Amino acid sequence: MENGLELKVKVININSDKDHKILNKCRVLREYSLFVDIVRKYGKEEDTLKKAIRECIDKGILSDYLKRKGSEVENMLIAEYSYEKDIYVKQEEARWEGRQEGRQEGRQEGILLSAKIFQELQKDPSASDSQIAGKLGCGTEEVENTRKLFGI
């Protein structure tokens with residue numbers, strides 16, 4: 001037995017010059033159609049896209065959306081937009097943010113370790129680097145660096 005599905009899709013040209021009746025019923029589609037016209041008028045260069053977006057905002061065409069997302073819209077129009085590329089860019093941004101957070105955490109952990117080493121050196125100045133490192137679970141290099149940092 002074969003299962004099948006037949007799908008019929010009606011495609012509507014919403015270019016403003018086609019004056020489809022749906023454009024009179026749906027404000028967002030009408031404004032999108034006008035937006036596309038204005039972008040076409042200006043072309044796809046970076047500065048002209050800014051002008052097109054500014055003109056649309058000034059004329060109240062998708063103005064709320066363009067005020068919030070204008071730079072994203074501009075970037076998508078400048079570059080050839082693809083879903084895969086968008087996902088890749090977002091993943092790279094998340095990786096960068098994660099690395100920044102990791103570096104910050106690493107700095108904080110390094111500061112805490114130096115403080116612990118300093119406290120141990122204050123308690124027992126005659127303790128060797130390896131004794132302190134063994135007690136704190138760090139390397140002797142960290143102990144040596146802390147001694148140099150504080151002149152101990």
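A salt bridge here is a side-chain nitrogen of Lys or Arg within 4 Å of a carboxyl oxygen of Asp or Glu. By that rule, Lys 123 pairs with Glu 120, with the closest N and O atoms 3.4 Å apart.

The model is predicted: local features need pLDDT of at least 70, side-chain atom pairs count only at pLDDT 80 or more, and totals for chains, interfaces and linings use all residues. Residues are numbered from 1 along each chain as its sequence is written, and side-chain values use heavy atoms, with hydrogens and water left out.

**Salt bridges**

The whole structure holds nine salt bridges. Three of them are tabulated here.

| Pair | Closest N to O distance |
|---|---|
| Arg 95 and Glu 92 | 2.4 Å |
| Lys 123 and Glu 120 | 3.4 Å |

Helices (H or I, at least four residues) are DSSP runs, numbered from the N terminus. Lys 123 and Glu 120 both lie in helix H5, three residues apart, about one turn of the helix. Arg 95 and Glu 92 also sit three residues apart in helix H5 (residues 83–123). An α-helix has 3.6 residues a turn, so residues three or four places apart point the same way.

Lys 123 is exposed, at 63%. Arg 95 is partly exposed, at 38%. Glu 92 is partly exposed too, at 29%.

Lys 41 counts as exposed because its relative accessibility is 54%. Glu 55 counts as buried because its value is 12%.

**Nonpolar core**

A nonpolar core is a set of buried Ala, Val, Leu, Ile, Met, Phe, Trp, Tyr and Cys residues joined through side-chain atoms within 4.5 Å. The largest such core has 13 residues, of which Phe 35, Ile 53, Cys 56, Ile 61 and Leu 66 touch the most other members. At least two residues of this core come from each of H2, H3 and H4. H3 gives the most, with five residues.

**Second largest pocket**

On a 1 Å grid over the protein atoms alone, a pocket is an open set of points where a 1.4 Å probe fits, with protein on both sides within 12 Å along at least five of seven lines; lining residues have an atom within 4 Å of a point. Its volume is the space filled by probe spheres set on the points, which are joined across faces, edges and corners. The second largest pocket holds about 240 Å³. Its lining has 13 residues, with Tyr 32, Phe 35, Val 36, Val 39 and Leu 77 closest to the centre. Helix H2 (27–42) and helix H4 (63–78) each supply at least two lining residues.

**Helix H6**

In helix H6 (residues 129–136), Asp 129, Ile 132 and Ala 133 are buried. They lie on the same side of H6 because they cover an arc of only 100° around the axis, taken from the directions from the helix axis to the C-beta atoms. Gln 131, Gly 134 and Lys 135 are exposed on the other side. Gly 137 follows H6, with a positive phi near 70°.

Terms used. Buried means under 20% relative accessible area, exposed over 50%, partly exposed in between (1.4 Å probe, protein chains only).
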